[in-house]
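Please consult the sequence and the structure shown below while reading.

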Amino acid sequence: MSGDIVSVVEGCGGYVPDRILTNAEIATFVDTTDDWIQSRTGISERRVVSDDESTSDLGVRAAQAAMADAGVDADDIDLIIVATTTPDLTFPATAAIIQRKLAVARGAAFDVQAVCSGFVYALTTADMFLKSGSHQCALVIGAETMSRLMDWNDRTTCVLFGDGAGAVVLRAEERPHTNGADRGVLATHLRTDGQFTELLFVDGGASSTQDTGFLRMQGNQVFRRAVDLISDAVRVAANDAQIAVTDIDWFVPHQANKRIIDAVGRKLGIRAESVVETVAHHGNTSAASIPLALHAAVSDGRIKRGDLVMMEAMGGGLSWGAALVRY
């Protein structure tokens, strides 16, 4: 290719496990209620993997859906980036396992670990690879089995998370203008501040405890920082693209908590009807939440070709970021 290269979203897909875990069921084994959970999080149910399902299994199903939507096959893919904090194995990368399961025979495959911000980080990384000219067609996947990190005796965390996967196909194109408007990934902004690691972390790991550990979170502290940090990232990404936040067609946030989503929307002046929310039925699926929400809104016809879509997330690290895409 010569000239300007853009990373265009050619298709998206999503997948969640069959098993539904309701608030009422959780209330049978921890001290909580459906009303308590819904009033504080907006979550009514989440999906949970079966004993024989792994993160790569979910990622493969989402990837296959995205590839079908984009009209590409395994021979077209030369880059796979998986955002996950719940890999199948310590190594190899879950991306390599997915590459094998999809029968992709060329290119590179690796994981990105930024917890709930992982998909934005992975999308940004793929965009840079494609724009450099080194690769032509990327699968960007967010896949998680967060239920495997839950302490099911801790009502402050076990009610929040669910399992699932979402994916997009990005293709490098030399056509910078479609219908008079730039298409593809327009701007991204990533940040991390490691001084806040104790606010959201897993208390285990191969080099420390030699076990997986459980997710731990200081929810109030995370909430306090989330609204400001996410809003700043959105403003920076929009400014870099020279687009007003109020001109964005769709806001696809990380689905962590309805109160955070609503607060960010109000702070940015985004119309409530432009916000895509799936948290009620999926819970927080970490790196999978943005592509799952994107897939939901594309599938039901809300997001159409040419629409401006802003995605954002904040997760452990603390890490956060935003990505503006003309779909």
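R302 has a relative accessibility of 30% and therefore counts as partly exposed, a class that lies between buried (under 20% relative accessible area) and exposed (over 50%), judged with a 1.4 Å probe and protein chains only. Its side chain meets that of D300 in a salt bridge with an N to O distance of 2.8 Å. D300 is likewise partly exposed, with a relative accessible area of 46%. A salt bridge here means a side-chain nitrogen of Lys or Arg within 4 Å of a carboxyl oxygen of Asp or Glu.

The model is predicted: local features need pLDDT of at least 70 and side-chain atom pairs count only at pLDDT 80 or more, whereas totals for chains, interfaces and linings use all residues. Residues are numbered from 1 along each chain as its sequence is written, and side-chain values use heavy atoms, with hydrogens and water left out.

**Salt bridges around R216**

The structure holds 15 salt bridges. Those that share partners join D151, D154, D203 and R216 into one network.

| D154 | R216 | 3.9 Å |

D154 forms a salt bridge with R216. D154 lies in the loop between β6 (137-145) and α6 (155-158), while R216 belongs to strand β10 (residues 215-217), so this pair ties together parts that are 62 residues apart in sequence. Helices (H or I, at least four residues) and strands (E, at least two) are DSSP runs numbered from the N terminus. D154 is buried, at 17% relative accessible area, whereas R216 is partly exposed at 24%.

Because D203 sits in the loop between β9 (200-202) and β10, its pairing with R216 in strand β10 ties together parts that are 13 residues apart in sequence. The relative accessibility of D203 is 34%, which places D203 in the partly exposed class.

Strand β13 (residues 319-326) contains R326.

**Surroundings of I26**

I26 is found in helix α1 (residues 23-26) and is buried, with a relative accessible area of 0%. Leaving aside residues up to four places away in sequence, I26 touches L21, T32, R46, C158 and V159, where contact means heavy atoms within 4.5 Å. I37, eleven residues from I26 along the chain, has its C-alpha atom 10.0 Å from that of I26.

**Backbone geometry**

Most residues other than glycine have a negative phi, and most peptide bonds are trans. The peptide bond from F91 to P92 is cis, with omega near 5°, and P92 is in the loop between β4 (79-83) and α4 (94-102). A cis peptide bond also joins G317 and L318, with omega about -15°; L318 occupies the loop between β12 (308-315) and β13.

Positive phi values occur at Q210, near 60°, and at S286, near 55°. Q210 lies in the loop between β9 and β10 and is exposed, at 60% relative accessibility. S286, by contrast, is buried at 0% and belongs to the loop between α9 (279-282) and α10 (289-299).

**The chain as a whole**

The secondary structure comprises ten helices and 13 strands. The C-alpha trace spans about 60 × 45 × 40 Å along its principal axes.

Of the 327 residues, 57% are buried. Among contacts with a separation of 6 or more, 76% are between residues 24 or more positions apart. The chain exposes about 13300 Å², of which carbon and sulfur atoms supply 49%; accessible areas come from the Shrake-Rupley method with a 1.4 Å probe, and for residues only the protein chains shown count as cover.
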